[in-house]
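Take a moment with the sequence and the fold before reading on. The walk below goes from helix to sheet and back again.

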Amino acid sequence: MFEDLRDLYQEVIFDHNRNPRNFRVIENADRKVEGFNPLCGDRLTLFLTLDHDVITDASFQGSGCAISTASVSLMTGIIQGKTIAEAEKLFTTFHDMTTGKEEEIQLEAVGKLAVLAGVREFPARVKCATLAWHTLDAALNNSGNSISTE
Ligand code: ZN
């Protein structure tokens, strides 16, 4: 099962890196937070539109390595239509998977995000994969305009 994921991992990262989804600015976004991963040099700006507690739109700008770009591209797609609580739960599940805290890859819980769990075989890249999610966490908690993974 993990070998299949490894192939899929490379395929999905390649695809999202070449054609990032939701790569645009949201004018008048409700939340706008910059994320920075100094270890790799990944920088992104996350934009969110909220309707009460539902994320109705999500997009990003910035530049980073293939893993960080694929991660934020996937994330901005997957969180649209989710409630803040659902997005926070995904963040926790994803974080536990990428850091290896959770051994089981929960395909049904995180869907396509599971491919990024492959990053846990490369510990130096975990922050590339989780940058988007730490930025999202700050945006949902309204805890400042920028975050850094270090
Ligand atoms: Zn990176």
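Which residues in H2 meet which residues in H5? Ile 67, Ser 68, Ser 71, Val 72, Met 75 and Ile 78 stand on the H2 side. Cys 128, Ala 129, Ala 132, Trp 133 and Leu 136 stand on the H5 side. Contact here means heavy atoms within 4.5 Å. The residues of this contact divide into nine nonpolar, two polar and no charged. Ala, Val, Leu, Ile, Met, Phe, Trp, Tyr, Cys and Pro count as nonpolar, Asp, Glu, Lys and Arg as charged, and the others, Gly among them, as polar.

A word on the source. This is a predicted model, in which local features need pLDDT of at least 70 and side-chain atom pairs count only at pLDDT 80 or more, while totals for chains, interfaces and linings use all residues. Residues are numbered from 1 along each chain as its sequence is written, and side-chain values use heavy atoms, with hydrogens and water left out. Helices (H or I, at least four residues) and strands (E, at least two) are DSSP runs, numbered from the N terminus.

Now the geometry. Two packed helices are described by the angle between their axes and the distance between the axes. Helix H2 spans residues 66-78 and helix H5 spans residues 126-140. They pack at an angle of about 40°, with their axes 7 Å apart. That makes H2 oblique to H5. Angles under 35 degrees count as roughly parallel, over 145 as roughly antiparallel, 65 to 115 as roughly perpendicular and the rest as oblique. Axes are lines fitted to C-alpha atoms, for helices over the stretch in contact, and angles run from 0 to 180 degrees between N-to-C directions. H2 passes H5 in a right-handed crossing. A crossing is right-handed if the near helix is turned clockwise from the far one by less than a right angle, and left-handed if anticlockwise.

H5 also packs with helix H3, residues 84-98. Here the angle is about 155° and the axes are 10 Å apart. H3 and H5 are therefore roughly antiparallel to each other. Their crossing is left-handed. Among the contact residues are Phe 91 and Phe 94 of H3, and Trp 133 and Leu 136 of H5. This contact divides into ten nonpolar, four polar and two charged residues.

Turn to the sheet. Four strands form an open sheet in the order E3-E2-E1-E4, with mixed pairing. E3 and E4 stand at the edges, each with a single partner strand, so one side of each is left without a neighbour in the sheet. Neighbouring strands are turned by 20° against each other on average, direction ignored. H2 packs on this sheet, touching E2 and E3. Two strands pair if DSSP finds at least two bridges between them.

Follow E1, residues 31-37. Seven bridges join E1 to E2 (residues 42-51), and the two run antiparallel. Phe 36 stands opposite Arg 43 in E2. The two strands form a hairpin with four residues between them. E1 pairs with E4 (residues 146-148) in the parallel sense, over three bridges. There Gly 35 has Ile 147 as its bridge partner.

Two loop residues deserve a look. Most residues other than glycine have a negative phi, and most peptide bonds are trans. Asn 28 has a positive phi of about 55° although it is not a glycine. Asn 28 sits in the loop between H1 and E1. Asn 28 is exposed, with a relative accessible area of 75%. Buried means under 20% relative accessible area, exposed over 50%, partly exposed in between (1.4 Å probe, protein chains only). His 52, in the loop between E2 and E3, also has a positive phi of about 55°.
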